[in-house]
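Subject: Structure handover

Hello,

Here is the structure for your files. My notes on what was found in it follow below.

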Amino acid sequence: MALPNAVELRDISEFAEAADCMFERFLRVYSSLLPGVEIHHIGATAMPFGHTKGDVDLNIRVAAPDFTYVVEVLRRTCRVAQPENWTETFASFACDGYELPLGIQLTQVDSESDFLLALRDRLRSDAALLRGYDDCKLNAAPDGPEAYWRAKDA
């Protein structure tokens, strides 16, 4: 039986078109605000199959000298998210005004925080690994957000 605070997951196919449009829109705006940075669509909606909470995650990768400047730009245009997870090389934000919730993970290139793009690419290239990850999420979702995050992290 699912707990009242169960994490609701839905098939990514329900969100794929909106997620792609959001990424393109974000890319158009932020490529001009932050020239030279890498912006990548990551997370469940960037996968060929699986389940999602219905949010879209992007990874902005920047060189070390640009990290603080990009943090300041994002502070002006988005909301700070999960400040308890911030480090010298990682920051997260939430952006309003999109069809779906939009999360931004800012990482410094070649730092210990710079693994999100490699993780996305690994999951995209290994269907069995992606299926296992998706199954892990599906199994943990009924137990609520805390269990869901612990299972994903593990």
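**Overall build**

Of the 154 residues of the protein, 44% count as buried (buried means under 20% relative accessible area, exposed over 50% and partly exposed in between, with a 1.4 Å probe and protein chains only). Please note that this is a predicted model, in which local features need pLDDT of at least 70 and side-chain atom pairs count only at pLDDT 80 or more, while totals for chains, interfaces and linings use all residues. Residues are numbered from 1 along each chain as its sequence is written, and side-chain values use heavy atoms, with hydrogens and water left out.

The protein has five helices and seven strands (DSSP runs numbered from the N terminus: helices are H or I with at least four residues, strands are E with at least two). Along the sequence they come in the order β-α-β-β-β-α-β-β-β-α-α-α.

Along the principal axes, the C-alpha atoms fill a box of roughly 50 × 30 × 30 Å. Among contacts (heavy atoms within 4.5 Å) between residues at least 6 apart in sequence, 59% join residues at least 24 apart.

The protein exposes about 8,500 Å², and carbon and sulfur atoms supply 53% of that area (Shrake-Rupley method with a 1.4 Å probe; for residues, only the protein chains shown count as cover). There are 15 positive and 25 negative side chains, and the centres of the two sets lie 2 Å apart. Here Lys and Arg count as positive and Asp and Glu as negative, with His and the chain ends not counted; the place of a charge is NZ of Lys, CZ of Arg, CG of Asp or CD of Glu.

**Cysteines**

How many disulfides does the structure hold? There is one disulfide (a pair of cysteine sulfur atoms within 2.5 Å). Cys78 and Cys95 form it, with their sulfur atoms 2.2 Å apart. The torsion about their S-S bond is about 70°, so the disulfide is right-handed. The pair links distant parts of the chain, 17 residues apart: Cys78 lies in the loop between helix 2 (67-77) and strand 5 (79-81), and Cys95 in strand 6 (residues 90-95).

Both partners are covered by the chain: Cys78 is buried at a relative accessible area of 11%, and Cys95 is buried at 6%. Cys21 is in no disulfide; the nearest cysteine sulfur, that of Cys95, is 17 Å away. Cys21 is partly exposed, with a relative accessible area of 43%. Cys136 is also partly exposed, at 26%.

Val7 sits in the segment before strand 1 (10-11) and counts as buried at 13% relative accessibility. Leaving out residues up to four places away in sequence, Val7 touches Lys53, Ala141, Gly144, Pro145 and Tyr148. The C-alpha atoms of Val7 and Glu146 are separated by 9.5 Å, although these residues are 139 residues apart along the chain.

Arg120 belongs to helix 3 (residues 116-125). Is Arg120 buried or exposed? Arg120 counts as buried, at 12% relative accessibility. With residues up to four places away in sequence not counted, Arg120 touches His40, His41, Ile42, Ala46 and Met47.

Regards
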